[in-house]
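Here are some notes to read alongside the model. Have the sequence and the 3D view open as you go.

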Amino acid sequence: MQPGQPTVGRTYQERLGAILAEATGQETSTVARAADTVAATFNRNGVLYIFGSGHSHMFAEEAFYRAGGAVRVCPVLKPPYMLHEGAVRSTQREREAGHSRTVLDGYDLDGNRDCMLVVSNSGANALPIEIAGTAREGGLPVIAITSRAYADSIQRPGPRLHEVADVVIDNHCPPGDALVRLDQDLPLAGPASTVVGLTLLNTVIVEACARQLRDHRRPQVFLSANMPGASEHNQRMISQLSARIPHL
């Protein structure tokens, strides 16, 4: 590297920042539609369910039981479809058809009050698409966070997540989800979809809570456990929803 040249880390940060700015700038209307959907769910005393397989399961964990996060969030977490019990097999499972009923078993989805948010960067794997379809069949509005560019670049046949969901938030990430070249004989490195997608997800949630206030409702938000009064505050929230959210 020549003196004065940006490091590869700095290049990554700049490219990531550009994608984040593009996504947050261009997805304003879809984020607003998603926030409307989530606020309506909260106002009906419903639950926002969140599902992602592989690394996308982090979206469900990020929004759940989160300091500064909405209380009415239920992650859909089934270990065989995450990473920690076998990353290779979980990748195989998310590409196989027929797993959605098993994944959703044990969750009290109610189409009259709840909604579902599904995350898949590629938007082409069978499992998140089937989860979205199953939720819609049950009457739940479905929000997706995905990369349209990645989905459109994949040649294998079949539906894409953005074709199944009611509201689609595009993360504007490139096919392959990597931003910098380390060397000519190496794959690109430096993923973007988690940083961008989680920003979009949390934007939807805070906007939904703001809409509740606009509707003269009091949003339910968790307090960080080390803040004064947190234990009492959070326990009041938990007591209202522990029967509906199994992971509490």
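This is a predicted model: local features need pLDDT of at least 70, side-chain atom pairs count only at pLDDT 80 or more; totals for chains, interfaces and linings use all residues.

1. Residues are numbered from 1 along each chain as its sequence is written, and side-chain values use heavy atoms, with hydrogens and water left out.

2. Start with strand E3 (115–120). Strands here are DSSP runs of E with at least two residues, helices are runs of H or I with at least four, and both are numbered from the N terminus. Six of the six residues in E3 are buried, meaning under 20% relative accessible area with a 1.4 Å probe and protein chains only. Cys 115, Leu 117 and Val 119 point one way, while Met 116, Val 118 and Ser 120 point the other.

3. What does E3 pair with? Strand E1 (residues 48–52) runs parallel to E3, joined by five bridges, and five bridges also link E3 in parallel to E4 (residues 142–146). Pairing takes at least two DSSP bridges between the strands. To find your place, look for Gly 52 opposite Val 119 and Ser 120 opposite Thr 146.

4. From E3, the path through helix H6 (residues 126–137) to E4 makes a right-handed β-α-β unit. Right-handed means that, with the strands pointing away from you, the path from the first strand over the helix to the second runs clockwise.

5. Asn 121 sits in the loop between E3 and H6. This residue counts as buried because its relative accessibility is 12%. Its contacts (heavy atoms within 4.5 Å), leaving aside neighbours within four places in sequence, include Ser 56, Thr 146, Tyr 150 and Asp 177.

6. Asn 121 also turns up in the largest pocket: among the 27 lining residues, Ser 56, Glu 94, Asn 121, Ser 122 and Asn 125 lie nearest the centre. A pocket is an open set of points on a 1 Å grid over the protein atoms alone, where a 1.4 Å probe fits, with protein on both sides within 12 Å along at least five of seven lines; lining residues have an atom within 4 Å of a point. Helix H4 gives the most to the lining, with three residues.

7. Where is Arg 211? Arg 211 is in helix H9, and it is buried because its relative accessible area is 12%. Arg 211 touches Ala 32, Ala 35, Asp 36 and Ala 39, not counting residues up to four places away in sequence. Arg 211 and Ala 32 are 179 residues apart in sequence, yet 9.9 Å apart in space, C-alpha to C-alpha.

Key: Buried means under 20% relative accessible area, exposed over 50%, partly exposed in between (1.4 Å probe, protein chains only).
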